Amino acid sequence: MKLGFVSAILDQSSYEEMMNTASQMGFACVEAACWPQGKAERRYAGVSHIDAERVLEDAAYAAHLREVSREKKVEISSLAYYPNTMDGDLAKREAAVRHLKQVIRASAELGVNLVTTFIGRDQTKSVEENLELVREIWPPILRVAQECGVRVAIENCPMLFGREQWPGGQNLMTTPAIWKKVFELLPSDYLGINYDPSHFVWQRIDYIKPIYEFKDKIFHVHYKDIKVYEDKLDQVGIMAYPLEYMSPKLPGLGDVDWGRYVSALTDIRYEGYTCIEIEDKAFEGSQEAVLRSLALSKRYMEQFVI
């Protein structure tokens, strides 16, 4: 396994600066953010360290990106773009799908051959209705992926945190039961999982068992922790907005048992990329705090991954 981080946390850095930071800190890889230029939509979104459109139009730019990666000895684990491809707003949906296809093509051009994303969800519709949307929207996306030889890894984040994402959330692939249904609808070798255990913690789902059940579908791994505040949960219950009773934390500062998690990954012989994802509000406010969060997370995870 190779240890890296999700680049979106360095939102004030250029690609070159971000890769230099990764190199200086001793990371082996980065999951490179590839949002459309100037399209920040939410916290940790809208960051673009790689311009996917430009990769496809400018051979010199693509070559430069590859050269920086080689020079700094930091691999790109995947191109990351996490939109809502099944948004109820058809214009937003079309724009998200269009850019995702470009990110897939850019991933092939750069020789990365992996894209990390969400499957999306119309938050006003039922699971069953959204599965029908999956059947409609995703086959053309996966055809592009297959043509390009690029695997697509869906993160299991419900995107259900506050009022604006209520009631259904903005990402359908949130549980093992739904994973099974989506993989039955889309039996493609190019569709898999970007496995993040933290989202299962607050959903009260076992985050170890699915590693074994879906071992052939785990294409990429996130290291992000979650802390559930039991006293708050006792007051508001699981039907509340999730951020009322939980908070993302650095690895080791929440409720994930990282020894058990990585042990399970070694059991299935996972040898792919593993990226720390920083969303801990206790380490925001300055570049120094962000860099400290990366250093602390790296030091902690190196107990298990080097």
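Below are the stops, with what to select and what is there.

Before you start clicking: this is a predicted model, where local features need pLDDT of at least 70, side-chain atom pairs count only at pLDDT 80 or more, and totals for chains, interfaces and linings use all residues. Numbering runs from 1 along each chain as its sequence is written, and side-chain values use heavy atoms, with hydrogens and water left out.

**Stop 1: helix H1**

Select residues 15-25, which make up helix H1. Helices here are DSSP runs of H or I with at least four residues, strands are runs of E with at least two, and both are numbered from the N terminus. Now pick out Tyr15, Met18, Met19, Thr21 and Ala22, the buried residues of H1. Buried means under 20% relative accessible area, exposed means over 50%, and partly exposed is in between (1.4 Å probe, protein chains only). Where do these residues sit around the axis of H1? They cover an arc of only 155°, so they are on the same side of the helix; the arc is taken from the directions from the helix axis to the C-beta atoms. As a reminder, an α-helix has 3.6 residues a turn, so residues three or four places apart point the same way.

**Stop 2: H1 against H3**

Keep H1 and H3 on screen: they pack at an angle of about 20°, with axes 10 Å apart. Axes are lines fitted to C-alpha atoms, for helices over the stretch in contact, and angles run from 0 to 180 degrees between N-to-C directions. That makes H1 roughly parallel to H3 (under 35 degrees is roughly parallel, over 145 roughly antiparallel, 65 to 115 roughly perpendicular and the rest oblique). For the contact (heavy atoms within 4.5 Å), show Tyr15, Glu16, Met19, Asn20 and Ser23 of H1 with His64, Leu65, Val68, Ser69 and Lys72 of H3.

**Stop 3: H4 against H5**

Next, select helix H4 (residues 90-109) and helix H5 (residues 127-148), whose axes come within 9 Å and cross at roughly 20°. H4 and H5 are therefore roughly parallel to each other. Residues in the contact include Val97, Leu100 and Ile104 of H4 and Ile137, Trp138 and Ile141 of H5.

**Stop 4**

Most residues other than glycine have a negative phi, and most peptide bonds are trans. Zoom in on Trp166 and Pro167, joined by a cis peptide bond with omega of about 5°. Pro167 is in the loop between strand S5 (151-155) and helix H6 (176-185).

Then try Asn113, in the loop between H4 and strand S4 (114-117). Asn113 is not a glycine, yet its phi is positive, at about 65°. Arg204 also has a positive phi, near 65°, and lies in the loop between helix H7 (198-203) and helix H8 (209-213).

**Stop 4: Glu277**

Finish at Glu277, in the loop between strand S10 (273-276) and H11. Is Glu277 buried or exposed? Glu277 is buried, with a relative accessible area of 10%. Show Val6, Glu155, Asp196, His222, Tyr223 and Lys224 around it: Glu277 touches these, not counting residues up to four places away in sequence.
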